[in-house]
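Subject: Structure handover

Hello,

The structure we talked about is below. My notes on it follow.

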Amino acid sequence: MALKLFNTLSRSIQEFTPLDSAGKKVGMYCCGPTVYDFAHIGNWRTFVFADLVRRYLEFKGYAVTHVMNITDVEDKIIKRVRETKTSLREFTGKYETAFFADLKTLNCLEPHQTPRATGYIAEIIALIEKLVARGIAYQAADGSVYFSIEKYQGCGCTYGRLLKLNFDELRPGERTRSDEYAKESVTDFALWKARAPEDGDVCWPSPWGEGRPGWHIECSAMSMKVLGESFDLHLGGEDLKFPHHEDEIAQSEGATGKPFAKYWLHGAFLLVEGKKMSKSLGNFFMLRDLLAKGFTGREIRHLLLTAHYRETFNFTLEGLQGARAALARIDECISKLRDISSSTSTGSAGFQPAGSQPKENPAAGRMPALPAALQPFSDSLDEDLNISAGWGAVFEWIRELNRRMAESSLSTTDAAAALAAWNKIDSVLGIGTPADAEAPAEIVALLAARQAARQAKDFKKSDAIRDGLKAKGWTIEDTTQGSKLKKI
Ligand code: AMP
Ligand code: ZN
């Protein structure tokens, strides 16, 4: 089945067909973090969504180039640099490092390229020069260079492609220097901001004097430099539709005369406990706040991936408890499948009571990459990445596997095929399975001591060690393959 996606540009669901004539290569750009603080859980919903898009495209066989920029110079950053009396690089470097650490914690695949805006000043200037040469940009009396909406529209281009704009109030030549503004105040916007005293020493030379780029032109310059003037997918949170993405389209298409991104995907906002995140409401979570509460990256990732990306999602701590329970169900099933698949027909008595050897399924060894039982997962994701239906398919499959394991009708080959299928599914979900090796060394040492005590028939000692492990949050499961640690 073909992948269909909701394209904000056409405001409709469209079949995804890459620009690449061979239908193989896909270029995907996601607006990255503004590194002026640690990324919050709302930001992470959007980045995990981008990770899902990339993983699913790869699952479908596309060769994806995933680009995510680092916005390391814009209004909010400069304000904080001034307040903290640090250098730009020192300030942004701290949050950039934290961002990549969090990305790992959430098991997001690292984008292939992560350009920093400050590394692309020459490309930004060249792009503005093109717009000036085409008469779409102009230098104003304040020294800054602005994008003229009137001139752009005069070239037959439409401003307001991603959302409807009201031009009744638009007064030609009215300008805004700020990176962020509401759609009620559509005006010419800054491409290059002439150096102001409050910018400190954050400035670069340019044909228009010292200054710094506007936020919107940064993404146009970086995406086109890395992916080409036209590319397949552009992603971001829904708040970026205006002005950021609208301005990106205008700048890019105004300069090249070519279509910019073919598909625009926007993730809906995350609310916390039903409300907009705010520090005063106490519902403002950075990833580290949730880790400090004892939740793991995979639990948080699972929760962020439960709802359809175009639906507002309500994040709650109870939801995280639910994610823990859901993962435990998956882990338990996978662990049993591993036991069966690694057992010989005589060694799997735990699941195959004597006298009930399961019949080998001759077809299982030749199973296609995606078994029929998992087709519903792929069918769901093909429908505009309907992940909630995808999870439904996964849990239905787990229910069926559990039923078959309970009645001992799952052969070692079936189990191995199911594990292979899970690996394929998990290449999309990215939740992994906790391995025994994840237990800290101290816990593994206690397990070894308990085994030694059992071998020595010192059951009092072995029970005491087991109780000690329980107090530390670990249980021991004695299986036919030996004793295994499991997190409570
Ligand atoms: P920023 O670092 O502010 O540039 O934001 C990075 C990404 O997070 C952007 O794509 C935003 O649209 C997105 N974002 C910000 N707040 C939220 C939220 N509450 N829910 C989902 N995405 C968000
Ligand atoms: Zn951007």
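Which residue just after H7 takes a positive phi? Glycine 257 does, at about 70°.

Before the rest, some conventions. This is a predicted model, in which local features need pLDDT of at least 70 and side-chain atom pairs count only at pLDDT 80 or more, while totals for chains, interfaces and linings use all residues. Residues are numbered from 1 along each chain as its sequence is written, chains are lettered from A and ligands numbered from 1 in the order in which they are written, and side-chain values use heavy atoms, with hydrogens and water left out.

Overall

The chain has 488 residues, and 51% of them are buried (under 20% relative accessible area; exposed is over 50% and partly exposed in between, with a 1.4 Å probe and protein chains only). Its secondary structure comes to 15 helices and 15 strands (DSSP runs numbered from the N terminus: H or I of at least four residues for helices, E of at least two for strands). Along the principal axes, the C-alpha atoms fill a box of roughly 90 × 50 × 35 Å.

Zinc site

Ligand 2 is a zinc ion, coordinated by Cys31 (SG), Cys219 (SG) and His244 (NE2) at 2.0 to 2.2 Å. Donors here are N, O and S atoms within 2.8 Å of the metal (3.2 Å for Na, K and Ca); water is not among the atoms, so sites may look incomplete. Along the chain, the donors of the zinc ion have the spacing C-x187-C-x24-H. Cysteine 219 belongs to helix H6 (residues 215-227) and histidine 244 to helix H7 (residues 241-256), so this pair ties together parts that are 25 residues apart in sequence. Cysteine 219 and histidine 244 are both buried.

Helix H7 itself has 16 residues and reaches 21 Å from its first C-alpha to its last, close to the 22 Å expected at 1.5 Å a residue (the expected span is 1.5 Å times one less than the number of residues). Of those 16 residues, 15 are buried, so H7 is largely enclosed by the rest of the structure.

Ligand 1

There are 15 residues around ligand 1, and Thr34, Gly42, Thr46, Asp239 and Leu270 come nearest (a residue is near if one of its heavy atoms lies within 4 Å). By type, the shell divides into six nonpolar, eight polar and one charged (Ala, Val, Leu, Ile, Met, Phe, Trp, Tyr, Cys and Pro count as nonpolar, Asp, Glu, Lys and Arg as charged, and the others, Gly among them, as polar). Helix H1 (41-59) and strand E10 (231-237) each supply at least two residues of this shell; the largest share, four residues, comes from H1.

- Threonine 46: an N or O atom of its side chain is 2.7 Å from a nitrogen atom of ligand 1.
- Leucine 270: a backbone N or O atom is 2.9 Å from a nitrogen atom of ligand 1.
- Glycine 237: a polar backbone atom is 3.0 Å from an oxygen atom of ligand 1.

Taken alone, ligand 1 exposes 490 Å², and the protein buries 90% of that (Shrake-Rupley areas with a 1.4 Å probe).

Two other residues

Arginine 298 sits in helix H9 (residues 297-304) and is buried, with a relative accessible area of 17%. Aspartate 463, in helix H15 (residues 459-471), counts as partly exposed at 33% relative accessibility.

Regards

Definitions and conventions:
A polar contact is a pair of N or O atoms within 3.5 Å; within protein, one must be able to donate a hydrogen and the other to accept it, and residues adjacent in sequence count only if both atoms are side-chain atoms.
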